[in-house]
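Please read them with the sequence and the coordinates open beside you.

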Number of protein chains: 2
Amino acid sequence: MDDSNPRRPVPPTTVRRLSTYYRVLGTVQSDGQTSVSSETLASLTGFTAAQVRRDLAYFGSFGKRGVGYAVSSLRQRLAAILGIDRGWRIGLVGVGNLGRALMAYPGFNNQGFDVVAAFDSDADVIGSRVNGQYVRPVDALADAVRGEHIDMVIVTVPAGAAQKVVDQAVAAGVRAILNFAPTQLRVPSHVQLSNVDLAVEVEYLSYSLAE
Amino acid sequence: MDDSNPRRPVPPTTVRRLSTYYRVLGTVQSDGQTSVSSETLASLTGFTAAQVRRDLAYFGSFGKRGVGYAVSSLRQRLAAILGIDRGWRIGLVGVGNLGRALMAYPGFNNQGFDVVAAFDSDADVIGSRVNGQYVRPVDALADAVRGEHIDMVIVTVPAGAAQKVVDQAVAAGVRAILNFAPTQLRVPSHVQLSNVDLAVEVEYLSYSLAE
């Protein structure tokens, strides 16, 4: 089996681990290291060395025995695979505590994810300045998506308001939705939808404690 | 192979999917359905029906052909497996936007995750009331963990402050840490650590768009 075949479908869990490798390689790089073994990547991420090698093999990246992976080129490679070597324009809907936290999140801006527009339905919030953005009414979302080339919409509204926001964004041509509202959303098949369920990790911990 | 053997190690990704099944079963139950097929669970979660059956088989839950899973008992079963049928006492450190969002997150309180104490290092925040809690100084964390039987600590402080917080919590006897700070933390092997990297899902979307 040729592990370097790029057409092999990549499991979503592998893609998510690439994000972690990318992050850890940044730390390794700023420590001045130029090469890194799969064992070191394993100990820094908590995955196994075999898992690291298997994940990177999907994209034809093989460490050299006794030398490891070249840190800088592997990191650039991962950035290209993850699409974070270009800028993405993001609209955020729902400027509550979670929305504000995400707008200020250093992990977004550092990696080409630029929140260029923020929307809320609360008259007290509309027009206020949050993280450099004037908050606009939700009704302005569709026009902004069309006129300002917004690629993704982050949804941080209450569960009951989420589907309507998503329908407006999709009708206006958004290609990707990141949903934090605790509800199952419907999108057409050409739109990418990811759900972040903040309770999953707490439940994973409680599973581990209860075991 | 006996799929019902509960001693088979359960992959973390399976445990995380259980959380999603649990949530979706709640919706199905409130819709008044008493049984559900793996195909329906698949379409509601985005996983495949084979994946659903494989995941539930880890815990000896088998749907009946033509009948499916009994909604109520499967949901109770998952709650017990995930340890969310009991109360967990949580301390939260870092009452910024993300910390406030988590303290108010309905998905926590509804499932037995009770934030019983909140801590911050900012003199302007200490003593203020957030979501029913008076915010305490971070120095009070260790005493609270010991005296108030805190099971888990949620870390929403900046990256540079996280390890110190975790060291204090661990020394005081906390058994599980949920870390939102964008940094790799070290904990002893008897402590469960989960990291939530809010950028991972955005990067998954950008991978999908860039592909």
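This is a predicted model: local features need pLDDT of at least 70, side-chain atom pairs count only at pLDDT 80 or more; totals for chains, interfaces and linings use all residues.

1. Over all chains, the structure holds 16 salt bridges.

2. In one, R16(B) is paired with E201(A), and the closest N and O atoms are 2.4 Å apart. In the other, E203(B) pairs with R23(A) at 2.8 Å, N to O, and this pair runs from helix 9 (residues 199–210) of chain B to helix 1 of chain A.

3. Other salt bridges lie within chain B. The side chains of D85(B) and R86(B) meet at 3.7 Å, N to O, and R86(B) is partly exposed, with a relative accessible area of 38%. A further salt bridge links R146(B) with D143(B), the closest N and O atoms being 3.5 Å apart. Because these two residues are three apart in helix 7 of chain B, R146(B) and D143(B) are separated by about one helical turn. In general, an α-helix has 3.6 residues a turn, so residues three or four places apart point the same way. D143(B) counts as exposed, at 54% relative accessibility. Which residues are joined into one network by salt bridges that share partners? They are R23(A), D197(B) and E203(B).

4. Turning to chain A as a whole, I find nine helices and ten strands. Its C-alpha atoms fill a box of roughly 60 × 45 × 35 Å, taken along the principal axes. Of the 211 residues in chain A, buried residues make up 51%. Among contacts in chain A with a separation of 6 or more, 57% are accounted for by residues 24 or more positions apart.

5. The packing of helix 1 (residues 12–30) of chain A against helix 2 of chain A can be described quite fully. Their axes come within 10 Å and cross at roughly 105 degrees, and the two helices are therefore roughly perpendicular to each other. Helix 1 of chain A contributes T20(A), Y21(A), V24(A), L25(A) and V28(A) to the contact, while helix 2 of chain A contributes L41(A), L44(A) and T45(A). By class, the residues of this contact divide into six nonpolar, two polar and no charged.

6. Helix 2 (residues 38–45) of chain A also meets helix 3 (residues 49–57) of chain A, with axes that come within 8 Å and cross at roughly 110 degrees. That angle makes helix 2 of chain A roughly perpendicular to helix 3 of chain A. The contact is made by S38(A), E39(A), L41(A) and A42(A) on the side of helix 2, and by A49(A), V52(A), R53(A) and L56(A) on the side of helix 3. Here the residues divide into five nonpolar, one polar and two charged.

7. Leaving aside neighbours within four places in sequence, S38(A) is in contact with A49(A), V52(A), R53(A) and Y69(A).

8. Finally, I would draw attention to helix 8 (residues 159–171) of chain B, whose buried residues are A162(B), Q163(B), V165(B), V166(B), A169(B) and V170(B). What covers these buried residues includes strand 3 (88–93), helix 7 (141–147), strand 8 (152–155) and strand 9 (176–179) of chain B. Helix 8 of chain B is followed by G173(B), which has a positive phi, near 105 degrees.

Technical notes:
Residues are numbered from 1 along each chain as its sequence is written. Chains are lettered from A and ligands numbered from 1 in the order in which they are written. Side-chain values use heavy atoms; hydrogens and water are left out. Buried means under 20% relative accessible area, exposed over 50%, partly exposed in between (1.4 Å probe, protein chains only). Helices (H or I, at least four residues) and strands (E, at least two) are DSSP runs, numbered from the N terminus. Contact means heavy atoms within 4.5 Å. Axes are lines fitted to C-alpha atoms, for helices over the stretch in contact, and angles run from 0 to 180 degrees between N-to-C directions. Angles under 35 degrees count as roughly parallel, over 145 as roughly antiparallel, 65 to 115 as roughly perpendicular and the rest as oblique. Ala, Val, Leu, Ile, Met, Phe, Trp, Tyr, Cys and Pro count as nonpolar, Asp, Glu, Lys and Arg as charged, and the others, Gly among them, as polar. A salt bridge is a side-chain nitrogen of Lys or Arg within 4 Å of a carboxyl oxygen of Asp or Glu.
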